Amino acid sequence: MDIRLAQPEDLLGMQACNLQNLPENYQMRYFGHNFHVGKPLSVGMELITRIRDEEAENAPHGHVTSISVLRGYRRLGIAKRLMLLSQRAMSEVYRAEYVSLHVRKSNRAAIGLYRDTLGFHSHQVEKGYYADGEDAYAMRLEFLENKGLHEKKTEKEK
């Protein structure tokens, strides 16, 4: 299986994968906006991530907007590979201090992947996060190698 960075012409396929697999979806302009704004790191057809350069006092961080693998391709390690490639780029290329994501409290398989396999921790619970009212875990994975990197840079600039 070949995994590559997404191109603008992949957006329709990415949206179709989400529509088929996920209870919540985004309009095409949302996909387009995330692709063109905020240093996109979209990989393959199933993962949409981006780097957020927040206000000056906050360090840049990555955010996984959506990940979806078609049913016929599940349990092959694809989601794990996509996440690891994305995390590597966030850490090494963009020097993000952490990556964040939201996951439904009822999605045990995803929680297991994020927490047990990839090392994410639950940062907080966001009540009623999803359109149907379900709560979400806001999860984070810290990139310790980049911790404080942006603070030191800011201090040098002063």
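Contact here means heavy atoms within 4.5 Å. Helices (H or I, at least four residues) and strands (E, at least two) are DSSP runs, numbered from the N terminus. With those two terms in hand, let's walk through the model.

This is a predicted model, in which local features need pLDDT of at least 70 and side-chain atom pairs count only at pLDDT 80 or more, while totals for chains, interfaces and linings use all residues. Residues are numbered from 1 along each chain as its sequence is written, and side-chain values use heavy atoms, with hydrogens and water left out.

A residue is called buried under 20% relative accessible area, exposed over 50%, and partly exposed in between (1.4 Å probe, protein chains only). In helix 4 the buried residues are Ala110, Ile111, Gly112, Leu113 and Tyr114. They pack against strand 2, helix 3, strand 3 and strand 5. Just after helix 4 comes Gly119, with a positive phi of about 90 degrees.

A nonpolar core is a set of buried Ala, Val, Leu, Ile, Met, Phe, Trp, Tyr and Cys residues joined through side-chain atoms within 4.5 Å. The largest one has 20 residues, and those touching the most other members are Met83, Val99, Leu101, Val103, Tyr114 and Phe120. At least two core residues come from each of strand 2 (61-67), helix 3 (78-92), strand 3 (98-104), helix 4 (108-117) and strand 5 (136-142). In soluble globular proteins, nonpolar side chains tend to be buried together.

**Strands 2 and 3**

Strand 2 is mostly covered, with 7 of its 7 residues buried. Strands pair if DSSP finds at least two bridges between them; strand 2 and strand 3 run parallel and are joined by 3 bridges.

Two loop residues deserve a look at their backbone angles. Arg75, in the loop between strand 2 and helix 3, has a positive phi of about 70 degrees although it is not a glycine. Its relative accessible area of 85% makes Arg75 exposed. Arg95, also not a glycine, has a positive phi of about 55 degrees and sits in the loop between helix 3 and strand 3. At 39% relative accessible area, Arg95 is partly exposed.

**Salt bridges**

A salt bridge is a side-chain nitrogen of Lys or Arg within 4 Å of a carboxyl oxygen of Asp or Glu. By this rule there are 5 salt bridges, including those tabulated here.

| Pair | N to O distance |
|---|---|
| Asp132 and Arg104 | 3.1 Å |
| Arg115 and Asp116 | 2.8 Å |
| Asp135 and Lys127 | 3.5 Å |

Asp132 and Arg104 form a salt bridge that links distant parts of the chain: Asp132 is in the loop between strand 4 (121-126) and strand 5, Arg104 is in strand 3, and they are 28 residues apart. Asp132 is exposed at 55% relative accessibility, whereas Arg104 is buried at 11%. A network of salt bridges links Arg104, Asp132 and Glu134.

Elsewhere, Arg115 is partly exposed at 45% and Asp116 is exposed at 55%. Asp135 is buried at 17%, while Lys127 is exposed at 67%.
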